[in-house]
Amino acid sequence: MSNLSTTALLICDLQNDFLDPKGAYGRAGQTSADIAAVPARVAAVAARVRQQGGWIVSTHFTLVPGKAGEPFISAHLKKLRPFLAKGDFAPGSWGHDLIDALKPADMSVEKVAYSAFYMTRLEWVLRKAGIDTLAICGIVTNGGVASTLRDAHVRDFKTVLLEDGCAAFDARVHATAVASLGAISPVMRCADFAPLP
């Protein structure tokens, strides 16, 4: 893509609490080599997008604190990830933040569900910035990435799924999600979307 000025690299949930060994998932032993490999490929795309005047937009999975800081955690997530606790993914915390390798983001959006559009300001800021195309990456492919891409599609954004810019905890689940999303969005590899100059 030669003109990226109306394009955003939409980074789904590449946060310290997911990726850093000291983060919530790392402390619980929830790691994946496939997920760990994603940031380096995404960083190359981000550099190209910045160079061409595009936008970097990061979404941040958020556990909203209630009384005494205890987070609101949906029942399905509590069952899947019982290790999540007070302080994890808390707004403004280190764990909630975008990983250093991908900073800075031009805009950041907190989200409370899989889709980054659900009950957030994401669509509003994208429209205000004149963004019409989203190159979507991050984690996990079958969760936040898939839900966000599908929501972007029904809102008439042009989308590109960066297949090696996202990952899941199971490679087969990732592959199935990519194949499914290919029915509604072009699918590209990071190196093809952001070739070296």
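Mentor: A nonpolar core is a set of buried Ala, Val, Leu, Ile, Met, Phe, Trp, Tyr and Cys residues joined through side-chain atoms within 4.5 Å. Please keep in mind that this is a predicted model.

Trainee: How many residues has the largest nonpolar core?

Mentor: It has 32 residues, and Leu 9, Ile 11, Leu 162 and Phe 193 have the most contacts inside it.

Trainee: Which helix or strand gives the most to this core?

Mentor: Helix H4 (38-51) is among the elements that each supply at least two residues, and H4 gives the most, with five residues. Strand E1 (7-12) and strand E5 (158-167) are also among those suppliers.

Trainee: What is Ile 11 in contact with, leaving aside its neighbours within four places in sequence?

Mentor: Its contacts include Val 42, Ile 56, Leu 98 and Cys 137.

Trainee: On to the rings. How many aromatic pairs does the structure hold?

Mentor: It holds eight. In one of them, the ring centres of Phe 18 and Tyr 25 are 4.8 Å apart and the planes lie at 65°, so this pair is edge-to-face.

Trainee: Are Phe 18 and Phe 61 buried or exposed?

Mentor: Both Phe 18 and Phe 61 are buried.

Trainee: Where does the charged end of Arg 127 sit?

Mentor: The charged end of Arg 127 sits over the ring of Phe 157, 4.0 Å from the ring centre.

Note on methods
Residues numbered from 1 in each chain as written. Predicted model: local features only at pLDDT ≥ 70, side-chain atom pairs only at ≥ 80, totals over all residues. Heavy atoms only, no water. Phe/Tyr/Trp six-rings, centres within 6.5 Å; stacked < 30°, edge-to-face > 60°. Buried < 20%, exposed > 50% of the residue type's maximum accessible area, 1.4 Å probe, protein only. Lys NZ or Arg CZ within 6 Å of the ring centre and 35° of its normal. Helix = DSSP H or I, 4+ residues; strand = E, 2+ residues; numbered from the N terminus. Contact = heavy atoms within 4.5 Å.
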